[in-house]
Amino acid sequence: KSDTDIRFVCRGTFVHSTAEEALQILEDALLGVDSKGKIAFIGEGKDLQKLSESFGFCSSAVTQLRQHEFFMPGMIDTHIHAPQYSYAGTALDMPLLQWLNTYTFPVESRFQDIEFAKKVYTQVVKRTLRNGTTTACYFATIHTDASLLLGQIANDFGQRALVGKVCMDRNDGVKYYRETSEESQEETYRFIKELLNKKYPLVKPVVTPRFAPSCTETLLAKLGEMAKNNKLHIQSHISENLKEVEWVKELFPNSESYTDIYHKCNLLTDKTIMAHGCHLSDEELVLFRKTGAALSHCPNSNISLCSGVLNVRNVLNHKVKLGLGTDVAGGYSPSILDAVRRALDSSKVLTIQDPEHKTLSFEEVFRLATLGGSQALSLDERTGNFKVGKDFDALRVNVAAPGGPIDLIQSEKPQILLEKFLNLGDDRNIVEVFVAGKKVVPFSEP
Ligand code: GUN
Ligand code: ZN
């Protein structure tokens, strides 16, 4: 008899990804979650008696999923700008660099107002959780106190999160939205220290230079040093748009490539996630592979801002870690389901352009949305699939939810149910969301 103390047990279909299989389907499985929110066991329904004896739970207290329901791992948004949620769905009529100056920087500067920050950050955390994002990697703004508040709100609603106070010591476009280099370093240090002091179990700080053009080399190097000394996560943007790439060449004439700038400043590590990478060369991808740095694929944003189309197949062939991101509000949708669909569309566009291109399958993109994201954020020891010992981060999906977007004409196999949910589903199908074994949707207001 095990002395693990079981909090609850569910029985039904579980779908997830493993290193070997993009889609593994476990039908009539039995999964137990312990008092710490970790997966204690996953076995077969027929072994109920045996499992209930060895783990000491009552077999009548097992939650049975229905015909059209399944559990899948919670989805992971590897790149989202929390403040930009305030204008999501608008302002997509210009390319990146003008878009930043016209819409983004003026809006982000408003987050010195803590009440405004509270309102937007509460909404974005609730909206993403309801859409099945159990882990989010957030950019906040340059304001330390509002960034700390985002960490608190994620913690209060039970979302797993990486939160970054944005660093930028140059901005000629919008001069009132920038810091001095010293301020940026000191405030980043304060942000990290104060966030770690809160001891939120699921929220971690991430060192966040906005992107090379908004940081001096001095600041980039200092942030690289700070991340290294404290073993912290790092996030930024890279090679999103061709004008940006040209500008970076002018600003850093002594660097071999965009990737090389970050590398020289110790910003490429196995805890680094860089958004976009649409225009990276194969040599740059090799450097990503060597350093263990990851990419976040944000297809809605790449299309909405006409930035480019990332060749995900080429990234995967280079064995670079990759997850999906919404990039709200360059991407207008806060849902990773949307990112799944855009990733599939983008891959098909590449196949239209080159019939030799091997289109991504929905199973592969499902893996990017879950296990791939956890690997990209170096959180795969804790989340990403239903392996024993990981936290139970999961969505209970009802494909035939009443009033929902999907009509089932007949009973379908789990693989078809997942495909329909990925292509047609929305938050009405996500009936429950669990993070670390705790039910966080439907909400219990903190
Ligand atoms: N590059 C630098 N900042 C940003 C941002 O806020 N959004 C996007 N999409 N790209 C960026
Ligand atoms: Zn971004």
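Helix α2 (residues 96-109) gives the most to the shell around ligand 1, contributing three residues; helices here are DSSP runs of H or I with at least four residues, strands are runs of E with at least two, and both are numbered from the N terminus. The structure is a predicted model, in which local features need pLDDT of at least 70 and side-chain atom pairs count only at pLDDT 80 or more, whereas totals for chains, interfaces and linings use all residues. Residues are numbered from 1 along each chain as its sequence is written, and chains are lettered from A and ligands numbered from 1 in the order in which they are written.

Ligand 1 is surrounded by His81, Leu96, Leu100, Thr104, Arg210, Phe211, His237, Glu240, Ser301, Asp327 and Gly330, a residue being near a molecule if its C-beta atom, placed from the backbone, lies within 6 Å of it. This shell comprises three nonpolar, five polar and three charged residues, where Ala, Val, Leu, Ile, Met, Phe, Trp, Tyr, Cys and Pro count as nonpolar, Asp, Glu, Lys and Arg as charged, and the others, Gly among them, as polar.

The axes of helix α4 (residues 144-157) and helix α5 (residues 181-197) come within 10 Å and cross at roughly 25 degrees, which makes α4 roughly parallel to α5. Axes are lines fitted to C-alpha atoms, for helices over the stretch in contact, with angles running from 0 to 180 degrees between N-to-C directions; angles under 35 degrees count as roughly parallel, over 145 as roughly antiparallel, 65 to 115 as roughly perpendicular and the rest as oblique. Across this pair, Thr144, Ser147, Leu148 and Gly151 of α4 meet Glu187, Arg190, Phe191, Glu194 and Leu195 of α5, and the residues of the contact divide into three nonpolar, three polar and three charged.

Helix α3 (residues 114-130) also packs against α4, the two axes coming within 9 Å and crossing at roughly 35 degrees. The residues of this contact divide into eleven nonpolar, one polar and three charged.

At the level of domains, the assignment, which is taken from an automatic or database source, gives domain 1 (6-72 + 386-441) and domain 2 (75-376). Their centres, taken over C-alpha atoms, are separated by 30 Å, and the contact takes 20 residues from domain 1 and 21 residues from domain 2, two residues being in contact if their C-beta atoms, placed from the backbone, lie within 7 Å. On the side of domain 1 that touches domain 2, the largest share, four residues, comes from α14.
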